[in-house]
Amino acid sequence: MAIFEDEPRKKPKAHEIGQDLSLLSVADLNERIGLLREEIARLEAELQAKGATKSAAEALFRR
């Protein structure tokens, strides 16, 4: 808790790998699963973008 109103509040982590899950409710678990699925989709999109860039560079240098 911030002592003064102008102090930035620390945001709790959404999920930490290896965290004890036994204290979380079913709703909390479902929320975290959704967040992690969104993060996986974001990571896969970035991976595809990097793969496309690499493929374009390889095609350019093969000529």
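Predicted model: local features only at pLDDT ≥ 70, side-chain atom pairs only at ≥ 80, totals over all residues.
The protein has one helix and zero strands, where helices (H or I, at least four residues) and strands (E, at least two) are DSSP runs numbered from the N terminus. Helix 1 covers residues 26-62. Of the 63 residues in the protein, 3% are buried; here buried means under 20% relative accessible area, exposed means over 50%, and partly exposed lies in between, with a 1.4 Å probe and protein chains only. The accessible surface comes to about 6,400 Å², and 59% of that belongs to carbon and sulfur atoms, the areas being computed by the Shrake-Rupley method with a 1.4 Å probe.

Let me turn to the charged side chains. With a salt bridge taken as a side-chain nitrogen of Lys or Arg within 4 Å of a carboxyl oxygen of Asp or Glu, the count comes to two. One joins E39 and R42 at 2.8 Å, N to O, and these residues, three apart in helix 1, are separated by about one helical turn; E39 is partly exposed at 32%, whereas R42 is exposed at 54%. The other joins E46 and K50 at 3.7 Å, N to O, and here the residues are four apart in helix 1, again about one helical turn, with E46 partly exposed at 42% and K50 exposed at 53%.

R32, also placed in helix 1, is buried yet has no salt bridge, and the nearest side chain of opposite charge, D28, is 6.1 Å away; for charge, Lys and Arg count as positive and Asp and Glu as negative, while His and the chain ends are not counted. Leaving aside neighbours within four places in sequence, R32 is in contact (heavy atoms within 4.5 Å) with A14, H15, Q19 and L24.

To return to the opening pair, T53 is found in helix 1 and is exposed, at 54% relative accessibility.

Note on methods. Residues numbered from 1 in each chain as written. Heavy atoms only, no water.
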